[in-house]
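Thanks for coming. I will go through one model today, starting with a salt bridge and ending with a pocket.

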Amino acid sequence: MAVSALIIRSMNMFFRVFMADTIGAEGIGLYQLIISVYLFFAVVSTSGISLTATRLFSDFSARGEPAKAKYAVKKCILISLVSGGILGAFMYFSADVAGEYFLHDIRTVPALKLLAPSLPFMAVSACIRGYFTARRQTVQTSVEQLLEQVIEMGVFALAFALSKPDTLEKACCTAVLGTTLAEVISFVYSLICYAVDIKKLNCGSEKADGLAKKIMPVALPVMANSCLRSGLSAVENVLIPLGLKKNGSDSSKALAEYGIIGGMTMPVLTFPTVFIFPFCSLIVTEMSEALAKRHIKSIRHITEKMFRLALYYSLPVMVIFLFFSSDIGNALYHNELAGRFIGILAPVVPFMYLDAVADGILKGLNEQTSYLIFNLIDAVIRVILTYLLLPKFGIMGIVAVIIISELLNTVMSIARLVKVTDIKIMVFEWIIFPLMCIITPCLLVKFLLVNFILKILMCVGFYGMLLLIWGRKNQQSAQIANC
């Protein structure tokens with residue numbers, strides 16, 4: 001999953017760079033507005049059913065009831081198809097209203113209508129991914145996501161080369177056409193993989209009594225969370241260009257500034273999560289089974305290990321972004337402002353990554369309600385801060401909103417996780433020591449007259465060597481203590 005995610009994120013980063021060069025910062029801003037509405041419908045149609053399929057299959061399998069697990073997944077697929085179709089139809093027929101009165105830009109309407117038919121296909125694909133996650137089979141879902149990314153990029157590049165759109169409206173339509181076709185093709189692939197794999201269970205399909213009672217506590221909190229948070233996120237994304245206009249920017253400049261933050265800076269900061277999110281996805285199954293079997297020590301052990309590894313990974317990523325932000329911004333986008341914001345927002349990286357880990361563990365421990373409350377609080381505060389800060393502080397208001405939001409959400413999630421699992425956070429070993437190990441080489445190589453990529457590789461190599469020495473020392477100390 002990590003390898004495929006690295007390939008997919010790399011391709012997506014290349015796609016973003018290509019789009020930035022092709023349609024500019026203003027075009028990226030307009031595209032982000034369209035995607036903000038699309039993501040609302042997409043998240044609502046996929047998040048609850050995907051987690052439900054994972055949890056139900058894991059729970060029934062842990063109890064030795066594969067026939068009921070098979071039946072539960074089939075029901076989830078049917079639910080996802082119906083709900084995705086309803087949401088897709090609603091999105092299509094409400095596109096004119098959304099574009100004119102919500103996004104305040106009628107150029108977004110054609111693209112929204114092109115995206116609507118993809119929702120039922122996306123919903124079923126997400127449900128099947130939940131099934132494969134529960135089965136701990138990641139190749140099928142990895143290939144599906146890779147296929148989807150390749151098709152999306154290929155269609156955009158080909159359509160753009162053939163049609164050469166002369167307006168931002170047409171350019172955005174060209175971009176989202178690839179998204180819709182990619183969802184359809186990945187759906188076909190996922191369905192074939194599911195049909196082949198489900199036969200390997202070698203059992204019939206036995207009706208599970210009270211399935212609705214099992215689905216509701218899992219699906220409804222996540223779906224409610226998705227509706228509220230995605231809706232508030234869409235409101236926030238609309239308020240950003242409006243707030244920038246109130247601060248003095250014209251329409252084009254406001255969209256361009258929005259595009260730099262949302263379409264350039266944030267994809268760079270989240271890119272390294274390719275090595276975190278696969279664990280966050282698979283940890284749901286591990287925690288769900290451990291909870292079903294009441295393996296409390298295993299839950300605590302896995303949680304502590306995940307937190308330690310997340311910090312060992314995210315802290316050096318943060319420091320590298322701090323030291324080499326301008327080089328990264330210029331290399332990717334030829335944009336000094338993008339590099340500046342990468343450096344300013346780098347300190348939120350550990351919080352962002354830890355929050356992802358905490359959310360995955362909480363989902364596996366049947367803490368959907370806490371997850372819902374934390375994300376709802378976060379989304380409401382983001383909207384309020386966006387409305388209040390942007391007219392006064394402009395683009396720096398966006399930076400403040402992101403920092404406050406990440407800190408708040410992570411603190412709430414970790415506090416709940418500590419209470420549920422009773423883990424102990426080792427401040428020196430997990431935080432101070434890795435920071436010392438990465439800051440030292442970064443200071444040493446900062447002013448060397450070599451390419452910044454080589455500098456980063458030298459820092460990472462030195463950091464890895466120090467961690468290895470530390471790990472062996474601790475292992476020897478533990479062996480001596482045991483003797």
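Let me begin with D96, which at 38% relative accessibility counts as partly exposed; buried is under 20% relative accessible area, exposed is over 50%, and partly exposed is in between, with a 1.4 Å probe and protein chains only. Before going on, the ground rules: this is a predicted model, where local features need pLDDT of at least 70, side-chain atom pairs count only at pLDDT 80 or more, and totals for chains, interfaces and linings use all residues. Residues are numbered from 1 along each chain as its sequence is written, and side-chain values use heavy atoms, with hydrogens and water left out.

What does the side chain of D96 meet in a salt bridge? The partner is K113, at 3.1 Å from N to O; a salt bridge here is a side-chain nitrogen of Lys or Arg within 4 Å of a carboxyl oxygen of Asp or Glu. This pair links distant parts of the chain, with K113 in helix α4 and D96 in helix α3 (residues 95-102), 17 residues apart. Helices are DSSP runs of H or I with at least four residues, strands are runs of E with at least two, and both are numbered from the N terminus. K113 is also partly exposed, at 25%.

By this rule the count comes to four salt bridges. Another one joins R129 and E144, with the closest N and O atoms 3.0 Å apart. Here R129 sits in helix α5 (residues 119-134) and E144 in helix α6 (residues 139-163), 15 residues apart. Is E144 buried or exposed? E144 is buried, at 1% relative accessibility, while R129 is partly exposed at 21%. R107 and D105 meet as well, at 2.8 Å from N to O; D105 is buried at 13% and R107 partly exposed at 24%.

Now the largest pocket, with a volume of about 750 Å³. A pocket is an open set of points on a 1 Å grid over the protein atoms alone, where a 1.4 Å probe fits, with protein on both sides within 12 Å along at least five of seven lines; lining residues have an atom within 4 Å of a point. Points are joined across faces, edges and corners, and the volume is the space filled by probe spheres set on them. The lining has 23 residues, with F271, P272, I320, F321 and I456 nearest the centre. Helix α11 gives the largest share, eight residues.

On confidence, the protein averages a pLDDT of 82, pLDDT being the predictor's confidence in each residue, from 0 to 100.
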